[in-house]
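Load the model in your viewer and keep the sequence panel open. The stops below are given in the order to select them.

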Amino acid sequence: MSKTNLIKTLAKEPLFTAMLVLTAVMSFFSRPQLSSINWNVITTLFSLMLVRTAFEKCHFLTSVAGISTAYFHTQRSLSLALTAVTGFLSMLVTNDVALLTVVPITILIAEKEGEDPFILIILETISANIFSSLTPFGNPQNLYLYSYYNMTAADFFRIMLPLFVFGVALIILLNFSLNRSNHQYHTSAIFQITDPILFWGALAVYVLNILSVLRVLNSWIPFVAAVAFFVVYRPGFFLSVDYFLLGTFVLFFLFTDSVTGIPMVKTVLSAMLNSKAAVLADSALISQVLSNVPTAVLISGFTPHYRELLYGVAIGGLGTPVASLASMISYKIYAQKYAGGKYMKVFLIVNFATLILLGLAIYLYELLAG
């Protein structure tokens with residue numbers, strides 16, 4: 001790759017480039033150790049990316065979304081169906097995959113009706129960020145924190161269930177408040193798996209990944225199974241893997257290891273995160289600028305309060321568009337077809353309102369729970 005092409009490529013990956021520079025700078029003050037890289041997270045994400053591509057190519061995800069929304073025709077009922085299927089997929093195949101599947105379907109439905117689907121897509125984005133918080137494999141930060149703090153699946157679900165319940169209640173409230181149009185949508189049910197071998201092979205790899213996340217299997221087993229299956233059946237899928245995202249995670253781990261190795265920085269951050277309330281508030285606030293995935297990796301090195309950190313980065317995924325990578329995905333898809341000004345204005349109002357309400361609900365729950 002020429003120097004010019006390399007610069008263009010890095011310019012298209014600002015998060016990776018920023019982390020590369022920061023990690024390089026920090027390494028002069030404290031050299032990171034390769035042992036700080038959480039390979040369980042990296043291999044699991046790699047396998048899930050291959051599974052995601054397979055599910056997309058055999059039309060499994062679009063079929064699930066299509067059949068789930070086929071019998072809902074008012075804006076309010078269709079919105080409930082779309083947010084529900086987005087949430088369901090988010091819990092199973094991560095929030096970004098869910099939005100990559102459902103948002104284009106939403107746009108296709110709206111285009112046929114001559115409608116602007118910005119309200120539907122905003123609610124789908126909120127749903128993806130909230131529903132995905134319930135499972136360890138619903139989003140990258142959960143997968144990392146679940147592994148880093150060596151939680152059990154039962155503990156994880158027990159911790160996240162209150163936030164999930166509060167969040168779902170807010171989504172339903174938002175749906176009834178924002179969707180008041182009487183427009184009738186015309187949707188149809190289409191379920192078709194175009195490549196059964198690809199589907200069943202990917203499903204087997206996915207199940208192995210779930211068993212690995214639940215610590216029934218070693219994380220290398222689904223990784224080896226994924227590589228073996230796709231090398232034999234669909235080697236071209238390896239080109240679809242987001243290697244920059246995987247590289248960004250590696251840099252997150254190395255950067256955090258460098259930071260925690262500098263006594264002054266460690267002292268300052270430890271002082272900032274010296275209470276449960278501070279971890280909850282600071283992780284949500286830092287996520288607004290840094291995004292919730294790197295925030296989770298950074299703060300985890302300075303606090304034992306994993307419950308509050310889980311809550312903070314989940315709530316912190318709401319708010320600004322950069323707070324969650326999933327939010328950026330849905331906006332980019334929307335902006336390819338429509339002007340983004342109205343979308344962004346409503347997005348910020350609705351997301352910050354949801355962030356504040358959900359944050360207050362969790363804070364009060366924490367006080368009552370002791």
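The tour covers a helix, then a pocket, then a cavity.

This is a predicted model, in which local features need pLDDT of at least 70, side-chain atom pairs count only at pLDDT 80 or more, and totals for chains, interfaces and linings use all residues. Residues are numbered from 1 along each chain as its sequence is written, and side-chain values use heavy atoms, with hydrogens and water left out.

Select residues 153-178, helix α9 (helices are DSSP runs of H or I, at least four residues, numbered from the N terminus). Go to Leu161, where α9 has a kink of about 35 degrees, shortly before Pro162; the bend is the angle between axes fitted to the seven residues ending there and the seven starting there. Buried residues of α9 include Phe156, Pro162, Phe164 and Leu174 (buried: under 20% relative accessible area, 1.4 Å probe, protein chains only). Now show α7 (118-131) and α18 (340-369), which are among the elements covering them.

Next, select Asp96, Asp242, Leu245, Leu325 and Ile329, the closest to the centre of the largest pocket among its 37 lining residues. About 1,000 Å³ of space lies in this pocket.

Last, select Leu269, Met272, Leu273, Ile286, Leu298, Ile299 and Phe302, which line the largest cavity. Helices α13 (263-272) and α15 (292-300) each give two or more residues to this lining.

On a 1 Å grid over the protein atoms alone, a cavity is a set of points where a 1.4 Å probe fits but cannot get out, and a pocket is an open set with protein on both sides within 12 Å along at least five of seven lines; lining residues have an atom within 4 Å of a point. Grid points are joined across faces, edges and corners, and a volume is the space filled by probe spheres set on the points.

Terms used. Expected span 1.5 Å × (residues − 1). Buried < 20%, exposed > 50% of the residue type's maximum accessible area, 1.4 Å probe, protein only. Contact = heavy atoms within 4.5 Å.
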